[in-house]
Amino acid sequence: MVGGRGGCQDERAGGKRVWPSRGVGTVDTFTQSRECREAADLLERSRKTVNPALRAAVDSLPASMRRIAAYHFGWQDAHGAATGGNAGKAIRPALVLAATRALGGRAEQAVRAAAAVELVHNFTLLHDDVIDRDPTRRHRPTAWAVFGVPHAILAGDALHSLALRILAQDPHPAATEAAGRLAACVVELCDGQYADCAFEQRSDVGLDESLAMAESKTGALLGCACALGALCAGAGTSAADAMDAFGREAGLAFQLIDDLIGIWGDPASTGKPAGADIVARKKSLPVVAALTSGTPAAAELADLYAMEGPLDGDDLRRAADAVERAGGRDWAQREACVRMASAMDRLARAVPDLAQAGDLLSLAEFVTRRNR
């Protein structure tokens, strides 16, 4: 578990495994550990399996949209020259394939669904970068900063449509149900993003509604990825629902870690400025936990967030320190462990023998131990 002081445990193949805690944004022995290498290998294999379908989909776009999408995915530079890069860690398509294998299917059955999930994820990233006015992603300018806001929005819309078209053309018997789940997920994602934006204008955001927002904005797509994997394996609706619940809980753990990184992450790893979420005055989960703690540090943090002008320099450091003194950092670390324990329980309902879900467990460990 990244950033914790205690530890998380899970039951794996009949034995108890402790997930030790480490500091967010630090380089530690986990970076070179066997579990990290397993997850990295799994993500790379998943990327190689899904990328041909993903590239074929993007190549089908009109030249205007294709250029922006290829830049966003890291395949080209701003002038259209090939770079050989890749967009992100590909956790969501890896979850689709891993869920399919865990329920007895073959990865080849789920390639289209995995590509569709990754397209939806990147549609949300293109739009999120515009909404948040983030200037960089993955150590280079965001698409809107290069091509302009209208063009980045349109490219995101095109990726969303591509995702649904891929599933509509999938001959798999579960493709219709998969498309329906993905479409419903996008509606939920939009609702979560709406709440996230609304929270920035409020001073009375509660922890329960923040967790609900995080489930909609992050957990929903990870849950959908796992559910689509179950459907591709030929599992029934009940198994797909259990896998969805697993992904949602893992997604909340993912968001909690992401929020910790957004405050205390190393810019060299994250590709974003130090304390980026505080600079933007985001009501992330650790911040809301701190603000609602009723402590003197909570009042100090509220005053800093209410200040006019940018939060930087000493004010930025004071705000991050206030979040920690108010208990926001410790709460987020503990809550991530709780969510992963719940995720394991939901997974066991769909896959009673967790030895068959090794890839899903590796991805869950990666999610809760990453530092970027």
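A cavity is a set of points, on a 1 Å grid over the protein atoms alone, where a 1.4 Å probe fits but cannot get out; lining residues have an atom within 4 Å of a point. Grid points are joined across faces, edges and corners, and a volume is the space filled by probe spheres set on the points.

The model is predicted: local features need pLDDT of at least 70, side-chain atom pairs count only at pLDDT 80 or more, and totals for chains, interfaces and linings use all residues. Residues are numbered from 1 along each chain as its sequence is written, and side-chain values use heavy atoms, with hydrogens and water left out.

**Exercise 1.** Describe the largest cavity: volume, lining and residue classes.

Solution. 
- Start with the count: the structure holds three cavities of 30 Å³ or more.
- Take the volume: the largest cavity has about 80 Å³.
- List lining residues: among them are Arg47, Asn51, Phe73, Trp75 and Glu118.
- Find the main contributor: helix H1 (residues 34-59) gives the most, with four residues. Helices are DSSP runs of H or I, at least four residues, numbered from the N terminus.
- Sort the lining: seven residues are nonpolar, two polar and two charged. Here Ala, Val, Leu, Ile, Met, Phe, Trp, Tyr, Cys and Pro count as nonpolar, Asp, Glu, Lys and Arg as charged, and the others, Gly among them, as polar.

**Exercise 2.** Check the length and burial of H3.

Solution. 
- Expected span is 1.5 Å times one less than the number of residues.
- For the twelve residues of H3 that should give 16 Å; the end C-alpha atoms are 16 Å apart, so the two agree.
- Eleven of the twelve residues are buried (under 20% relative accessible area, with a 1.4 Å probe and protein chains only).
- Ile91 and Leu95 are among the buried residues of H3.
- Just after H3, Gly104 takes a positive phi of about 90 degrees.

**Exercise 3.** Is Arg248 buried or exposed, and which side chains does it pair with?

Solution. 
- Arg248 lies in H9 (residues 237-264).
- Arg248 counts as buried because its relative accessibility is 16%.
- Its side chain makes a polar contact of 3.1 Å with that of Glu215, and one of 2.7 Å with that of Asp244.

Notes. Helices (H or I, at least four residues) and strands (E, at least two) are DSSP runs, numbered from the N terminus. Buried means under 20% relative accessible area, exposed over 50%, partly exposed in between (1.4 Å probe, protein chains only). A polar contact is a pair of N or O atoms within 3.5 Å; within protein, one must be able to donate a hydrogen and the other to accept it, and residues adjacent in sequence count only if both atoms are side-chain atoms. On a 1 Å grid over the protein atoms alone, a cavity is a set of points where a 1.4 Å probe fits but cannot get out, and a pocket is an open set with protein on both sides within 12 Å along at least five of seven lines; lining residues have an atom within 4 Å of a point.
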